[in-house]
Amino acid sequence: VITVNFKQQTANNVVVYPNPVKGNTIGLQLQDLEKGMYSVRILSIEGKEVYKQQLQVNGSSLNTTINPSTKLAQGTYTLQVVGKSTTYTQKVVVE
């Protein structure tokens, strides 16, 4: 008998605010994450990477802002937070 535990990856671990985003500043709140290095990526609806940043999480939570160097066009994007063993995904709408 093998027991497998799946840790559910909910959107509550990654909160984007405000959503929809106005302007070019995105607030990002990370909660209940393991310590370590994370990659934050913003992908267009076509799957093209439009932004990437590395974040070091030293505690169980982190609040930060993302300011892409090029203005994001209006539309829907996918924000990914990729860690060593988990990936969190959140939809972001830019107005």
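**Salt bridges**

Modeller: This is a predicted model. Start with Glu95 and Lys22: they form a salt bridge, and their closest N and O atoms are 2.7 Å apart.

Colleague: Why is the pair of Glu95 and Lys22 called a salt bridge?

Modeller: The cut-off is 4 Å between a side-chain nitrogen of Lys or Arg and a carboxyl oxygen of Asp or Glu. Lys22 and Glu95 have N and O atoms 2.7 Å apart. So the pair falls within the limit of 4 Å.

Colleague: What makes the pair tie together parts that are 73 residues apart in sequence?

Modeller: Glu95 lies in the segment after β7, while Lys22 lies in the loop between β1 and β2, so the link spans those 73 residues.

Colleague: How many salt bridges does the structure hold?

Modeller: Two. Arg41 forms one with Glu49, with the closest N and O atoms 2.7 Å apart. In general, side chains of opposite charge can pair when their charged atoms come close.

Colleague: Which label does Lys22 get, buried or exposed, and why?

Modeller: Exposed, because its relative accessibility is 58% and the label needs over 50%.

Colleague: And why is Glu95 called partly exposed?

Modeller: Glu95 has 41%. Buried needs under 20% and exposed needs over 50%, so a value in between is partly exposed. Arg41 at 25% and Glu49 at 36% get that label by the rule for values in between.

Colleague: What makes Gln80 count as buried?

Modeller: Its relative accessibility is 16%. The limit is under 20%, so the label holds. Gln80 sits in strand β6, residues 75–82. Beyond four places in sequence, Gln80 touches Ser39, Val40, Arg41, Leu43, Tyr88 and Thr89.

Colleague: How do you know that β6 and β7 pair?

Modeller: Pairing needs at least two bridges. β6 and β7 have eight, and they run antiparallel. One example is Tyr77, whose bridge partner in β7 is Val92. A hairpin of four residues joins the two strands.

Colleague: Which residues of β7 are on the covered face?

Modeller: Tyr88, Gln90, Val92 and Val94. Thr87, Thr89, Lys91 and Val93 make the uncovered face.

Colleague: What is the order of the four strands in their open sheet?

Modeller: β4-β3-β6-β7, with antiparallel pairing. β4 and β7 are the edge strands, each pairing on one side only. Neighbouring strands are turned by 20 degrees against each other on average, direction ignored.

Colleague: What makes β3 and β4 partners?

Modeller: Eight bridges join them, and at least two are needed. Met37 stands opposite Gln56 in β4.

Colleague: Why are β1 and β5 at the edges of the three-strand sheet?

Modeller: That sheet is open, in the order β1-β2-β5, with antiparallel pairing. β1 and β5 each have a single partner strand, so one side of each is left without a neighbour in the sheet. The twist averages 15 degrees from one strand to the next.

Colleague: Which residues have the most contacts inside the largest nonpolar core?

Modeller: Leu28, Leu30, Ile42, Ile66, Leu79 and Val81, in a core of 21 residues. β1, β2, β3, β4, β6 and β7 each supply at least two of its residues. In soluble globular proteins, nonpolar side chains tend to be buried together.

Colleague: What does Ile42 touch beyond four places in sequence?

Modeller: Its contacts include Ile26, Val50, Tyr51, Ile66, Leu72, Tyr77 and Leu79.

Colleague: Why is Ser60 called partly exposed?

Modeller: Its relative accessible area is 44%. Ser60 lies in the loop between β4 and β5. Ser60 and Asp32 are 28 residues apart in sequence, yet 4.8 Å apart in space, C-alpha to C-alpha. Beyond four places in sequence, Ser60 is in contact with Leu30, Gln31, Asp32 and Leu33.

Key:
Residues are numbered from 1 along each chain as its sequence is written. This is a predicted model: local features need pLDDT of at least 70, side-chain atom pairs count only at pLDDT 80 or more; totals for chains, interfaces and linings use all residues. Side-chain values use heavy atoms; hydrogens and water are left out. Buried means under 20% relative accessible area, exposed over 50%, partly exposed in between (1.4 Å probe, protein chains only). Contact means heavy atoms within 4.5 Å. Axes are lines fitted to C-alpha atoms, for helices over the stretch in contact, and angles run from 0 to 180 degrees between N-to-C directions. A nonpolar core is a set of buried Ala, Val, Leu, Ile, Met, Phe, Trp, Tyr and Cys residues joined through side-chain atoms within 4.5 Å.
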